[in-house]
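Dear colleague,

Please find below the structure that I am handing over to you. My notes on what was found in it follow directly after.

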Amino acid sequence: MSIATRSSAEAMPAFSATDHALMARALRLAERGAYTTQPNPMVGCVIAQGDEVVGEGWHQKKGGPHAEVFALQAAGERAKDATAYVTLEPCSHTGSTPPCADALIKAGISRVVAAMRDPNPQVDGSGFAKLQAAGIAVESGLMEKQAREQNRGFLSRVERGRPWLRVKLASSVDGRSAMASGDSKWISGEASRHDVQHWRARSGAILTGAGTVLTDDPHLTVRLGDDTAFVPPLRVVLDPGLATVARGHVREGDAPTLYLHAPDAKPARDMHAEHVAVPVEGGRFDLAAVLRLLGERGVNEAQVEAGATLAGAFLAAGLVDELLLYVAPVMLGERARPLFEGLHIDAMTERLRMRIVESRRIGDDVRVLLRPEPAA
(Lines give C-alpha, C1' and ligand atoms only; values in the text may rest on other atoms or scores of the structure.)
Protein backbone atom coordinates (compact mmCIF):
# COMPACT_ATOMS: atom_id res chain seq x y z
CA MET A 1 0.00 0.00 0.00
CA SER A 2 1.57 3.28 -1.09
CA ILE A 3 1.47 6.61 0.70
CA ALA A 4 -0.93 9.09 -0.87
CA THR A 5 1.18 12.12 -1.77
CA ARG A 6 -0.92 15.05 -2.90
CA SER A 7 1.68 17.65 -3.68
CA SER A 8 0.99 17.93 -7.43
CA ALA A 9 -1.31 20.56 -8.88
CA GLU A 10 -3.77 17.92 -10.02
CA ALA A 11 -4.04 16.23 -6.63
CA MET A 12 -4.14 19.26 -4.35
CA PRO A 13 -7.96 19.79 -4.53
CA ALA A 14 -8.40 16.39 -2.83
CA PHE A 15 -7.46 18.08 0.44
CA SER A 16 -10.42 19.88 1.96
CA ALA A 17 -10.61 23.44 3.23
CA THR A 18 -10.59 21.98 6.75
CA ASP A 19 -7.40 20.06 5.97
CA HIS A 20 -5.71 23.26 4.81
CA ALA A 21 -6.89 25.28 7.80
CA LEU A 22 -5.72 22.71 10.33
CA MET A 23 -2.35 22.18 8.66
CA ALA A 24 -1.85 25.95 8.66
CA ARG A 25 -2.60 25.87 12.38
CA ALA A 26 -0.03 23.10 12.86
CA LEU A 27 2.58 25.16 11.02
CA ARG A 28 1.91 28.15 13.26
CA LEU A 29 2.33 25.91 16.30
CA ALA A 30 5.60 24.54 14.95
CA GLU A 31 7.03 28.05 14.63
CA ARG A 32 6.85 28.44 18.40
CA GLY A 33 9.86 26.15 18.65
CA ALA A 34 12.04 28.23 16.32
CA TYR A 35 14.43 29.28 19.10
CA THR A 36 14.56 26.08 21.14
CA THR A 37 14.35 22.89 19.06
CA GLN A 38 17.70 23.01 17.28
CA PRO A 39 19.25 20.83 16.04
CA ASN A 40 15.86 19.12 15.76
CA PRO A 41 13.26 20.38 13.28
CA MET A 42 10.28 22.52 14.23
CA VAL A 43 7.14 20.37 14.27
CA GLY A 44 3.52 21.12 15.04
CA CYS A 45 0.57 18.74 15.42
CA VAL A 46 -3.19 19.26 15.50
CA ILE A 47 -5.63 16.44 16.26
CA ALA A 48 -9.19 16.93 15.11
CA GLN A 49 -12.55 15.20 14.94
CA GLY A 50 -13.84 16.62 11.67
CA ASP A 51 -13.27 20.37 11.96
CA GLU A 52 -13.17 20.34 15.77
CA VAL A 53 -9.70 20.55 17.29
CA VAL A 54 -9.41 18.17 20.23
CA GLY A 55 -5.68 18.45 20.87
CA GLU A 56 -2.60 20.28 19.65
CA GLY A 57 1.06 20.66 20.48
CA TRP A 58 4.50 21.47 19.17
CA HIS A 59 8.04 20.23 19.70
CA GLN A 60 9.35 22.58 22.36
CA LYS A 61 12.97 21.60 22.89
CA LYS A 62 15.58 19.01 22.02
CA GLY A 63 15.25 15.95 24.23
CA GLY A 64 11.66 16.76 25.17
CA PRO A 65 8.41 15.21 23.91
CA HIS A 66 7.60 15.66 20.24
CA ALA A 67 4.61 17.57 18.92
CA GLU A 68 2.44 14.47 18.51
CA VAL A 69 2.89 13.50 22.16
CA PHE A 70 1.71 16.88 23.44
CA ALA A 71 -1.27 16.83 21.05
CA LEU A 72 -2.27 13.30 22.08
CA GLN A 73 -2.04 14.21 25.76
CA ALA A 74 -4.35 17.16 25.16
CA ALA A 75 -6.80 15.07 23.10
CA GLY A 76 -7.02 12.18 25.54
CA GLU A 77 -9.67 9.61 24.57
CA ARG A 78 -10.95 11.89 21.81
CA ALA A 79 -7.88 10.98 19.75
CA LYS A 80 -9.57 7.67 18.83
CA ASP A 81 -10.66 7.71 15.16
CA ALA A 82 -9.42 11.31 14.81
CA THR A 83 -7.17 12.85 12.17
CA ALA A 84 -3.68 14.00 13.12
CA TYR A 85 -2.21 16.89 11.12
CA VAL A 86 1.59 16.98 11.46
CA THR A 87 4.07 19.25 9.71
CA LEU A 88 6.67 16.47 9.39
CA GLU A 89 6.49 12.70 9.08
CA PRO A 90 6.13 11.13 12.55
CA CYS A 91 9.33 9.48 13.73
CA SER A 92 9.62 5.71 13.80
CA HIS A 93 12.78 5.25 15.85
CA THR A 94 13.70 5.61 19.49
CA GLY A 95 15.94 8.57 20.16
CA SER A 96 15.58 10.84 23.18
CA THR A 97 11.90 9.87 23.14
CA PRO A 98 9.90 6.81 21.92
CA PRO A 99 8.57 6.71 18.34
CA CYS A 100 5.70 9.10 17.66
CA ALA A 101 4.28 6.69 15.10
CA ASP A 102 3.76 4.16 17.90
CA ALA A 103 2.02 6.78 20.05
CA LEU A 104 -0.39 7.65 17.23
CA ILE A 105 -1.17 3.98 16.64
CA LYS A 106 -1.74 3.30 20.33
CA ALA A 107 -4.11 6.30 20.60
CA GLY A 108 -6.31 4.96 17.80
CA ILE A 109 -5.72 7.72 15.25
CA SER A 110 -7.45 6.76 12.00
CA ARG A 111 -5.83 9.23 9.57
CA VAL A 112 -2.54 11.10 9.45
CA VAL A 113 -2.01 14.09 7.16
CA ALA A 114 1.63 15.17 6.95
CA ALA A 115 3.06 18.21 5.24
CA MET A 116 6.18 16.37 4.17
CA ARG A 117 8.35 13.29 4.48
CA ASP A 118 11.27 13.47 6.91
CA PRO A 119 14.56 13.12 4.96
CA ASN A 120 16.42 12.12 8.12
CA PRO A 121 17.84 8.65 7.28
CA GLN A 122 16.50 7.36 10.60
CA VAL A 123 12.96 8.12 9.40
CA ASP A 124 12.68 8.76 5.64
CA GLY A 125 9.36 7.03 5.02
CA SER A 126 9.56 4.43 7.77
CA GLY A 127 7.20 6.43 9.96
CA PHE A 128 4.58 6.45 7.22
CA ALA A 129 5.11 2.75 6.60
CA LYS A 130 4.62 1.87 10.27
CA LEU A 131 1.38 3.88 10.40
CA GLN A 132 0.03 2.24 7.25
CA ALA A 133 0.93 -1.22 8.49
CA ALA A 134 -1.33 -0.48 11.47
CA GLY A 135 -4.23 0.38 9.14
CA ILE A 136 -3.96 4.16 9.43
CA ALA A 137 -4.67 6.21 6.30
CA VAL A 138 -1.62 8.33 5.49
CA GLU A 139 -1.56 11.33 3.17
CA SER A 140 1.44 13.58 2.58
CA GLY A 141 2.22 16.77 0.69
CA LEU A 142 -0.30 19.24 2.12
CA MET A 143 1.40 22.66 2.36
CA GLU A 144 4.76 21.02 1.77
CA LYS A 145 6.32 24.21 0.37
CA GLN A 146 5.50 26.09 3.58
CA ALA A 147 6.79 23.22 5.72
CA ARG A 148 10.09 23.08 3.83
CA GLU A 149 10.49 26.83 4.14
CA GLN A 150 9.89 26.67 7.87
CA ASN A 151 12.53 23.96 8.36
CA ARG A 152 14.94 25.14 5.67
CA GLY A 153 17.85 24.96 8.12
CA PHE A 154 17.17 21.40 9.25
CA LEU A 155 16.61 20.29 5.65
CA SER A 156 19.81 22.00 4.51
CA ARG A 157 21.83 20.15 7.13
CA VAL A 158 20.25 16.76 6.40
CA GLU A 159 20.12 17.02 2.61
CA ARG A 160 23.24 19.12 1.86
CA GLY A 161 25.40 18.39 4.88
CA ARG A 162 25.70 22.05 5.83
CA PRO A 163 23.60 24.70 7.54
CA TRP A 164 21.41 27.24 5.79
CA LEU A 165 23.62 30.32 5.55
CA ARG A 166 22.23 33.81 6.14
CA VAL A 167 24.38 36.94 5.82
CA LYS A 168 23.18 39.88 7.90
CA LEU A 169 24.30 43.36 6.91
CA ALA A 170 23.33 46.96 7.63
CA SER A 171 23.60 49.37 4.73
CA SER A 172 23.26 53.03 3.93
CA VAL A 173 21.03 54.10 1.05
CA ASP A 174 24.15 54.38 -1.13
CA GLY A 175 25.10 50.76 -0.42
CA ARG A 176 27.86 51.27 2.13
CA SER A 177 28.42 49.04 5.15
CA ALA A 178 31.05 50.97 7.14
CA MET A 179 33.24 54.05 7.06
CA ALA A 180 36.68 53.78 5.51
CA SER A 181 38.08 53.38 9.03
CA GLY A 182 35.89 50.31 9.54
CA ASP A 183 33.52 52.06 11.95
CA SER A 184 29.95 50.80 11.45
CA LYS A 185 28.24 51.73 14.75
CA TRP A 186 25.48 52.44 14.16
CA ILE A 187 24.21 52.52 10.60
CA SER A 188 20.86 50.96 11.41
CA GLY A 189 18.46 52.17 14.08
CA GLU A 190 17.58 50.73 17.47
CA ALA A 191 14.48 48.94 16.14
CA SER A 192 16.61 47.08 13.58
CA ARG A 193 19.19 46.14 16.19
CA HIS A 194 16.43 44.65 18.31
CA ASP A 195 14.88 42.88 15.32
CA VAL A 196 18.12 41.11 14.46
CA GLN A 197 18.14 39.48 17.90
CA HIS A 198 15.22 37.29 16.80
CA TRP A 199 17.21 36.14 13.76
CA ARG A 200 20.15 35.38 16.02
CA ALA A 201 17.90 33.39 18.35
CA ARG A 202 16.84 31.03 15.57
CA SER A 203 20.47 30.52 14.47
CA GLY A 204 22.60 27.63 15.66
CA ALA A 205 25.78 29.63 15.04
CA ILE A 206 26.84 33.23 14.43
CA LEU A 207 29.97 33.62 12.32
CA THR A 208 32.35 36.55 12.18
CA GLY A 209 35.92 37.28 11.20
CA ALA A 210 38.96 38.40 13.14
CA GLY A 211 38.76 41.85 11.57
CA THR A 212 35.27 42.43 12.96
CA VAL A 213 36.35 41.29 16.43
CA LEU A 214 39.28 43.71 16.36
CA THR A 215 37.30 46.64 14.95
CA ASP A 216 33.81 46.34 16.46
CA ASP A 217 34.39 44.02 19.45
CA PRO A 218 30.90 42.43 19.18
CA HIS A 219 29.31 40.19 21.82
CA LEU A 220 27.43 38.07 19.23
CA THR A 221 24.89 37.03 21.85
CA VAL A 222 21.11 37.03 21.83
CA ARG A 223 19.59 39.93 23.75
CA LEU A 224 15.81 39.79 23.55
CA GLY A 225 15.10 41.67 26.76
CA ASP A 226 12.22 39.42 27.86
CA ASP A 227 11.60 35.91 29.15
CA THR A 228 11.74 34.28 25.70
CA ALA A 229 13.55 30.94 25.85
CA PHE A 230 16.30 30.22 23.33
CA VAL A 231 19.39 28.07 22.85
CA PRO A 232 22.47 30.36 22.88
CA PRO A 233 24.02 30.14 19.40
CA LEU A 234 27.61 29.06 19.00
CA ARG A 235 29.87 32.06 18.33
CA VAL A 236 32.33 31.21 15.56
CA VAL A 237 35.37 33.38 14.87
CA LEU A 238 37.29 32.76 11.66
CA ASP A 239 40.80 33.76 12.73
CA PRO A 240 43.58 32.09 10.72
CA GLY A 241 46.41 33.18 13.03
CA LEU A 242 44.41 33.30 16.27
CA ALA A 243 45.12 37.02 16.61
CA THR A 244 41.95 37.66 18.62
CA VAL A 245 41.92 34.87 21.19
CA ALA A 246 43.16 37.06 24.05
CA ARG A 247 40.69 39.87 23.56
CA GLY A 248 37.10 40.74 22.84
CA HIS A 249 33.60 40.39 24.23
CA VAL A 250 33.12 37.31 22.04
CA ARG A 251 34.93 35.29 24.75
CA GLU A 252 32.54 36.47 27.49
CA GLY A 253 29.15 35.28 28.70
CA ASP A 254 27.42 31.91 28.65
CA ALA A 255 27.32 31.37 24.89
CA PRO A 256 30.00 28.97 23.63
CA THR A 257 32.79 30.24 21.37
CA LEU A 258 34.66 28.36 18.66
CA TYR A 259 37.79 29.70 16.97
CA LEU A 260 38.53 28.33 13.51
CA HIS A 261 42.17 28.74 12.51
CA ALA A 262 44.71 27.72 9.91
CA PRO A 263 46.36 24.31 10.36
CA ASP A 264 49.74 25.88 11.13
CA ALA A 265 48.47 28.17 13.92
CA LYS A 266 49.46 27.25 17.47
CA PRO A 267 46.56 27.61 19.92
CA ALA A 268 47.39 28.71 23.46
CA ARG A 269 46.47 26.33 26.25
CA ASP A 270 44.46 28.94 28.19
CA MET A 271 42.12 30.10 25.43
CA HIS A 272 38.96 29.40 27.49
CA ALA A 273 37.27 28.44 24.21
CA GLU A 274 37.30 25.64 21.69
CA HIS A 275 39.53 25.83 18.65
CA VAL A 276 39.57 23.75 15.45
CA ALA A 277 41.86 23.85 12.43
CA VAL A 278 40.21 24.30 9.04
CA PRO A 279 41.83 23.88 5.60
CA VAL A 280 43.19 27.06 4.01
CA GLU A 281 43.46 27.41 0.23
CA GLY A 282 45.44 30.25 -1.30
CA GLY A 283 45.61 32.05 2.03
CA ARG A 284 41.83 31.88 2.50
CA PHE A 285 39.66 29.55 4.54
CA ASP A 286 37.92 26.73 2.73
CA LEU A 287 34.47 28.15 3.53
CA ALA A 288 32.65 25.04 2.31
CA ALA A 289 34.69 23.04 4.85
CA VAL A 290 33.70 25.56 7.54
CA LEU A 291 30.03 24.94 6.82
CA ARG A 292 30.46 21.17 6.69
CA LEU A 293 32.08 21.31 10.11
CA LEU A 294 29.12 23.27 11.50
CA GLY A 295 26.70 20.82 9.88
CA GLU A 296 28.47 17.95 11.62
CA ARG A 297 27.94 19.83 14.89
CA GLY A 298 24.19 19.98 14.34
CA VAL A 299 23.94 23.61 13.23
CA ASN A 300 20.80 24.08 11.14
CA GLU A 301 21.05 27.81 10.45
CA ALA A 302 24.21 29.92 10.55
CA GLN A 303 24.22 33.70 10.46
CA VAL A 304 27.22 35.67 9.23
CA GLU A 305 27.75 39.04 10.90
CA ALA A 306 31.02 40.27 9.46
CA GLY A 307 32.61 42.86 7.24
CA ALA A 308 32.65 43.16 3.48
CA THR A 309 35.61 40.80 3.01
CA LEU A 310 34.16 37.71 4.70
CA ALA A 311 30.61 38.44 3.51
CA GLY A 312 31.93 38.81 -0.04
CA ALA A 313 33.93 35.59 0.22
CA PHE A 314 30.86 33.57 1.20
CA LEU A 315 28.84 35.16 -1.61
CA ALA A 316 31.57 34.64 -4.22
CA ALA A 317 31.81 30.99 -3.17
CA GLY A 318 28.10 30.49 -3.85
CA LEU A 319 27.39 29.55 -0.24
CA VAL A 320 24.95 32.31 0.73
CA ASP A 321 21.35 31.12 0.96
CA GLU A 322 19.82 34.42 2.00
CA LEU A 323 20.80 38.00 2.66
CA LEU A 324 19.23 39.87 5.58
CA LEU A 325 19.75 43.54 4.77
CA TYR A 326 18.78 46.50 6.93
CA VAL A 327 18.79 49.67 4.81
CA ALA A 328 19.01 52.87 6.84
CA PRO A 329 17.99 56.31 5.47
CA VAL A 330 21.54 57.67 5.62
CA MET A 331 24.36 58.33 3.13
CA LEU A 332 27.99 57.43 3.88
CA GLY A 333 29.69 58.59 0.69
CA GLU A 334 32.05 57.10 -1.83
CA ARG A 335 34.97 56.61 0.55
CA ALA A 336 32.93 54.30 2.79
CA ARG A 337 33.22 50.53 2.44
CA PRO A 338 30.91 48.51 0.18
CA LEU A 339 28.62 45.69 1.29
CA PHE A 340 30.78 43.03 -0.37
CA GLU A 341 34.38 42.83 -1.49
CA GLY A 342 36.04 40.35 -3.83
CA LEU A 343 33.14 39.69 -6.22
CA HIS A 344 35.08 40.86 -9.31
CA ILE A 345 32.07 41.52 -11.53
CA ASP A 346 33.23 43.20 -14.74
CA ALA A 347 30.26 42.84 -17.07
CA MET A 348 26.51 43.22 -16.69
CA THR A 349 26.11 39.63 -17.84
CA GLU A 350 28.06 38.51 -14.76
CA ARG A 351 25.82 40.28 -12.26
CA LEU A 352 24.42 38.29 -9.36
CA ARG A 353 20.66 38.36 -9.41
CA MET A 354 18.77 38.42 -6.12
CA ARG A 355 15.11 37.71 -5.45
CA ILE A 356 13.31 39.80 -2.86
CA VAL A 357 11.53 37.40 -0.51
CA GLU A 358 10.24 40.04 1.87
CA SER A 359 10.50 43.77 2.47
CA ARG A 360 9.35 45.34 5.72
CA ARG A 361 9.67 48.64 7.55
CA ILE A 362 11.55 48.29 10.84
CA GLY A 363 11.54 51.60 12.68
CA ASP A 364 13.16 54.14 10.34
CA ASP A 365 14.90 51.38 8.35
CA VAL A 366 13.76 48.93 5.72
CA ARG A 367 14.51 45.24 6.23
CA VAL A 368 14.90 43.31 3.00
CA LEU A 369 15.28 39.53 2.82
CA LEU A 370 16.85 38.41 -0.45
CA ARG A 371 17.92 35.09 -1.91
CA PRO A 372 20.31 34.52 -4.82
CA GLU A 373 18.70 33.51 -8.08
CA PRO A 374 20.20 30.48 -9.86
CA ALA A 375 22.58 31.36 -12.67
CA ALA A 376 20.98 31.48 -16.08
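I begin with the contacts of one annotated residue. Leaving aside neighbours within four places in sequence, Glu68 is in contact with Cys45, Val86, Leu88, Pro90, Cys100 and Leu104. Please bear in mind that this is a predicted model. Glu68 carries the UniProt annotation "active site", which comes from an unreviewed entry. The residue belongs to helix H2, which covers residues 67-75. Glu68 counts as buried because its relative accessibility is 3%, and buried means under 20%.

Over residues 17-139, the chain is 32% helix and 20% strand.

I turn next to the nonpolar cores. In soluble globular proteins, nonpolar side chains tend to be buried together. In this model, the largest nonpolar core has 40 residues. Met23, Ile47, Tyr85, Leu104, Ile109, Val112 and Leu131 are those with the most contacts inside it. Two or more residues of this core come from each of the following elements: helix H1 (17-30), strand E2 (44-49), H2, strand E4 (83-86), helix H3 (100-107), strand E5 (111-114), helix H4 (126-133) and helix H6 (152-160). Of these, H1 gives the most, with six residues. A second, separate core has 35 residues, and includes Val278, Val304, Leu310 and Phe314.

Not counting residues up to four places away in sequence, Met23 touches Tyr85, Val86, Thr87, Val113, Ala114, Ala115, Leu142 and Met143.

Ala79 lies in the loop between H2 and E4. Is Ala79 buried or exposed? With a relative accessibility of 0%, Ala79 counts as buried. Its contacts, apart from residues up to four places away in sequence, are Ile47, Leu72, Ala107, Gly108 and Ile109. Of these, Ala107 is 28 residues from Ala79 in sequence, while the two C-alpha atoms are 6.1 Å apart in space.

Helix H6 has five buried residues listed for it, namely Arg152, Gly153, Phe154, Leu155 and Ser156. These pack against helix H5 (144-150), strand E7 (164-171), helix H7 (190-201), strand E15 (301-304), strand E16 (322-327) and strand E19 (365-372). Just after H6, Gly161 adopts a positive phi of about 75°.

A further annotation concerns binding. For "binding site", again in an unreviewed entry, UniProt lists Ala170, Trp186, Thr212, Asp216, Gly307, Ala308, Thr309, Leu310, Ala311, Gly312 and Ala313. These residues do not all gather at one spot, because they span 144 residues in sequence and the farthest two C-alpha atoms are 23.4 Å apart. Gly307 sits in the loop between E15 and helix H10 (308-316), and is partly exposed, with a relative accessible area of 31%. Leu310 is placed in helix H10, and counts as buried at 14% relative accessibility. Not counting residues up to four places away in sequence, Leu310 touches Thr208, Gly209, Leu238 and Leu287.

How many cavities of 30 Å³ or more does a search of the whole structure find? The search finds one. The largest cavity has a volume of about 120 Å³. Its lining consists of 14 residues, of which Asn40, Met42, Arg202, Asn300 and Glu301 lie nearest the centre. By type, the lining residues of the largest cavity divide into four nonpolar, eight polar and two charged.

Most residues other than glycine have a negative phi, and most peptide bonds are trans. The peptide bond from Gln38 to Pro39 is cis, with omega near 10°, and Pro39 lies in the loop between H1 and E2. Asp124 has a positive phi near 45°. This residue is located in the loop between E5 and H4, and is partly exposed, with a relative accessible area of 38%. Leu242 also has a positive phi, near 55°. Leu242 lies in the loop between strand E10 (234-238) and strand E11 (257-261), and is buried, with a relative accessible area of 9%.

With kind regards

Notes. Residues are numbered from 1 along each chain as its sequence is written. This is a predicted model: local features need pLDDT of at least 70, side-chain atom pairs count only at pLDDT 80 or more; totals for chains, interfaces and linings use all residues. Side-chain values use heavy atoms; hydrogens and water are left out. UniProt positions are given in the numbering used here, feature names are shortened, and annotations may be inferred rather than shown by experiment. Helices (H or I, at least four residues) and strands (E, at least two) are DSSP runs, numbered from the N terminus. Buried means under 20% relative accessible area, exposed over 50%, partly exposed in between (1.4 Å probe, protein chains only). Contact means heavy atoms within 4.5 Å. A nonpolar core is a set of buried Ala, Val, Leu, Ile, Met, Phe, Trp, Tyr and Cys residues joined through side-chain atoms within 4.5 Å. On a 1 Å grid over the protein atoms alone, a cavity is a set of points where a 1.4 Å probe fits but cannot get out, and a pocket is an open set with protein on both sides within 12 Å along at least five of seven lines; lining residues have an atom within 4 Å of a point. Grid points are joined across faces, edges and corners, and a volume is the space filled by probe spheres set on the points. Ala, Val, Leu, Ile, Met, Phe, Trp, Tyr, Cys and Pro count as nonpolar, Asp, Glu, Lys and Arg as charged, and the others, Gly among them, as polar.
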